[in-house]
Amino acid sequence: MDWVFGDHLGFKVIKDLNLTRDGLMKRVKEMASHPDLKKVDMFAFFLMSHGDEENIFGVDGQPVRLEWIIERFNGLNCPSLRDKPKFLNLVCCRGDDDDRGVKADDLGAETPVPYIPPKSIDGSKASCNDM
């Protein structure tokens, strides 16, 4: 994530690992009220953990409602991000089925794909207005 979002897309990447429910809720509140949000053009937020249909769990197994997390970044609760694109990626299992996974050998060698910035029609760096 650092490579794509930090090095190539210019995002400030902040990582937290193994947060409890209370730690997760505190961090979401801190992120939604961060003073630097006034200066950004876009916000991306990734959260990966276990979960169920309505919740994501801290490492202590305690739930945080997914809707609560999403609402922290809406225009009412986070005016600094009003009218700005928000990319919230909440990755969690949401059912009872086991994921058996895949052997790494079956996937073949992973080689990073080089990042090539998009170009606009005139050959300059593309902007949101070009899309």
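At 47% relative accessibility, Met1 counts as partly exposed, where buried denotes a relative accessible area under 20%, exposed one over 50%, and partly exposed the range in between (1.4 Å probe, protein chains only). The model is a predicted one, in which local features need pLDDT of at least 70 and side-chain atom pairs count only at pLDDT 80 or more, whereas totals for chains, interfaces and linings use all residues. Residues are numbered from 1 along each chain as its sequence is written, and side-chain values use heavy atoms, with hydrogens and water left out.

Met1 is located in the segment before H1 and, together with Met48 and Val91, makes a nonpolar surface patch of about 290 Å². Such patches consist of residues with over 30% relative accessible area and no salt bridge, nonpolar side chains (Val, Leu, Ile, Met, Phe, Trp, Tyr) being joined within 5 Å and like charges within 9 Å. Accessible areas come from the Shrake-Rupley method with a 1.4 Å probe, and for residues only the protein chains shown count as cover. The chain as a whole has an accessible surface of about 10100 Å², 53% of which belongs to carbon and sulfur atoms, and 22% of its 131 residues count as buried.

The secondary structure comprises four helices and four strands, assigned as DSSP runs numbered from the N terminus (helices: H or I, at least four residues; strands: E, at least two). Along the sequence these elements follow the pattern α-α-β-β-β-α-β-α. With contact taken as heavy atoms within 4.5 Å, residues 24 or more positions apart account for 62% of the contacts in the chain with a separation of 6 or more.

Side chains of opposite charge can pair when their charged atoms come close. A salt bridge is defined here as a side-chain nitrogen of Lys or Arg within 4 Å of a carboxyl oxygen of Asp or Glu, and by this rule the count comes to seven. One of them joins Arg27 to Asp16, with the closest N and O atoms 2.5 Å apart; this pair links distant parts of the chain, since Arg27 belongs to helix H2 (residues 21–32) and Asp16 to the loop between helix H1 (2–8) and H2, 11 residues apart. Asp16 is partly exposed at 39% relative accessibility, and a network of salt bridges links Asp16, Lys26, Arg27 and Glu30. A further salt bridge is formed by Asp36 and Lys39 at 3.5 Å between the closest N and O atoms; Asp36 is partly exposed, at 29%, whereas Lys39 is exposed, at 67%. Glu71 and Arg72 also meet in a salt bridge (3.6 Å, N to O), in which Glu71 is partly exposed at 30% and Arg72 is buried at 17%.

Lys84, in the loop between helix H3 (66–72) and strand S4 (86–92), is buried yet has no salt bridge, the nearest side chain of opposite charge, Asp41, being 6.3 Å away. A polar atom of the Lys84 side chain does, however, lie 2.9 Å from the backbone oxygen of Leu37. Leaving aside neighbours within four places in sequence, Lys84 is in contact with Leu37, Lys38, Lys39, Val40 and Asp41.

Positive phi values occur in two residues described here. Asp83, found in the loop between H3 and S4, has a phi near 65 degrees although it is a residue other than glycine, and is exposed with a relative accessible area of 79%. Asn18, likewise not a glycine, has a positive phi of about 55 degrees; Asn18 lies in the loop between H1 and H2 and counts as exposed at 64% relative accessibility.

Technical notes: Lys and Arg count as positive and Asp and Glu as negative; His and the chain ends are not counted. A polar contact is a pair of N or O atoms within 3.5 Å; within protein, one must be able to donate a hydrogen and the other to accept it, and residues adjacent in sequence count only if both atoms are side-chain atoms.
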